[in-house]
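Student: Hi! I'm new to this one, could you walk me through it?
Tutor: Happy to, let's bring it up.
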Amino acid sequence: MKEQDPIVFVIDDDRMIRDGLQSLIRSVGLRVETFASAQDFLGAKHPDVPACLVLDVRMPGLSGLDLQLKLRDDGIPIPVIFITGHGDIPMSVRAMKEGAHEFLTKPVRGQDLLDAVQKALASDRVLRQERREADEIRVRFESLTPREKEVLALVVAGLLNKQIADQLGMSELTVKTHRAHVMEKTEAESLAHLVRMSEQLRTATRK
Amino acid sequence: MQINTAAAAKGALLRYGLAIGLVFLALLASMGLQDSIGNPFWFFFSAAVILSTWLGGTGPGWLAVICSTLAVMYYFTPPLHSFAVTPRELPYFVTFVACEIGVTQLISWRRRTEDSLRQARDELEVRVAERTAELKRQLAEQRRTEETLQATRAELARAARITTIGELTASIAHEVNQPLAAVVANADACVAWLARETPDLAEARSAAERATQGATRASEVIARIRSLITKATPEKSRVQINRVIEQTAALAEGQAARNSVTITLELSPDLPIVFGDSIQLQQVILNLVVNGIEAMTSVTDRQRILTLRTEAESKCQIRVSVQDSGVGLKEEVMRRLFEPFFTTRAKGMGMGLSISRSIIEAHGGRLWAESNGSGGAIFQFTLPSEDRPSA
């Protein structure tokens, strides 16, 4: 298997369920790593590939919900599929609010889980792609001088060169020069592209 | 009644006939022997009177006396062959008659005494038989009452068991659902391995095996519960208390985990055998364990630990203790703990400890509660044991 192959992490304190889920997921050709507790998972190294978590809500020690919060706080964005023995509504609501990808009740139908896993991996792939693009964009944007950044902000806000020149107290020509540098450094193909990139950057930062 | 009268008349005829016959025999014997012995009539007629009185009663006795007197007057006192008596023979004759009368009186008195004695004895026998029958009836009734009481008590204990199990429902459902989830996951995996373009039989087999294990585990959980709720009559047998405690701990494991309670077992390895009803003993332990877990739900500043301990106090007594690290028992609560219908819980029925105590006492042991030094409570009970190790 290639290093880039996605991984499914299965965390459940019950060995028999862990083995069953692992076998099930492996049978469709996916890579699986299992952990008996949330702590074990946190202690392990995770390769930088698309992944998702299959997580038992109720576990001794750190619970599934606790782990979900901890991952979010640590800035590790990974889609979580919760499995619960008792589909109690407050708990599932809480999990979904915190951004759980899916909430399945035990016993889980194999196909349901596999579908959820495929969806979660697909969404992680997209998210990772977005993050990667955002990172690239950020690098490009970082290379702008403070003055260029000011010009960029106003350009994106939809102001005309003349207005920008007035606002920043510079000549229209200078604005044009800055603007050309911005377009060049950010590799923007058009004004629309520039706006889209800065929007992408803003949402990625917010996440 | 008719028949009785006829029978009585026939009896009287026989008795009087007997007297006459005996006197006649005495006459014959006296006449036969009067040449060899002097005045033999004395003995023979006396014998006839004695026998007549004894066998026939007072009437035939008197008849024998009269007949004898007449016979002696006629055949043995001069003038012979007449009913007259010469003045010279008169004292002799009177003595004879007096003796005969005395004998018949004495014998008939003896007989009467004996009769009344026999009658008294017969009456006594009848009374004894009646009283015995009555006692038997009372005894049977008492046994029936006791059996009913026993059955009621067993039913009550079972009701309490079901209540305790009821408190564990959520965790038991989880315990059954868990292996079932494993069964489903593994069975699905098995099918998936078989459905591949080239089926992977080794993977499919091990998944199928895990499914079987899961099903076995689920059935074990159910078996543990079923033994507690089925309607079993109390039955005493040799019990290894450590085994009972392990089973109970397994049953309460889920409930403990839900409440973040750790159950630790400190079981003495060489514990003597106990003679008792294992289901009832399990009920007592389960009740104490569930109470202990309950007592720790509000504890947040320290670990929630429930310790089950066994030890041999002596050769013929063991002690089981259940210790929690909960909030402990207030003095007021401690005093009323074992009263029926006393409870500190909103949902409790208040019968658990009361029934537990009566179960332990029925086993010849003692159940009591104490505060333990480091906060929390400790419930302990003793049980008499057989004087030999369980190994």
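Predicted model: local features only at pLDDT ≥ 70, side-chain atom pairs only at ≥ 80, totals over all residues.

Student: Okay, what is the secondary structure of chain B?
Tutor: Chain B comes to ten helices and seven strands.

Student: And what share of chain B is made up of buried residues?
Tutor: Of the 391 residues in chain B, 32% are buried.

Student: What about contacts within the chain, how far apart in sequence are the partners?
Tutor: Taking the contacts in chain B with a separation of 6 or more, 72% join residues 24 or more positions apart.

Student: Let's switch to the helices. How do H5 and H6 of chain B pack?
Tutor: H5 of chain B covers residues 169–195 and H6 of chain B covers residues 201–229; they pack at an angle of about 165 degrees, with axes 8 Å apart.

Student: So are they roughly parallel or antiparallel?
Tutor: Angles over 145 degrees count as roughly antiparallel, so H5(B) and H6(B) are roughly antiparallel to each other.

Student: Is the crossing left-handed or right-handed?
Tutor: H5(B) and H6(B) cross in a left-handed way. The residues of their contact are 20 nonpolar, two polar and four charged.

Student: New topic: how many residues does each chain put into the contact between B and A?
Tutor: Chain B puts in 21 residues and chain A puts in 17.

Conventions:
Residues numbered from 1 in each chain as written. Chains lettered and ligands numbered in written order. Axes fitted to C-alpha atoms, helices over the stretch in contact; angles between N-to-C directions. Helix = DSSP H or I, 4+ residues; strand = E, 2+ residues; numbered from the N terminus. Parallel < 35°, antiparallel > 145°, perpendicular 65-115°, else oblique. Left-handed = near helix turned anticlockwise from the far one by under 90°. Nonpolar A, V, L, I, M, F, W, Y, C, P; charged D, E, K, R; others polar. Contact = placed C-beta atoms within 7 Å. Buried ≥ 20, exposed ≤ 12 C-beta atoms within 10 Å, placed from the backbone.
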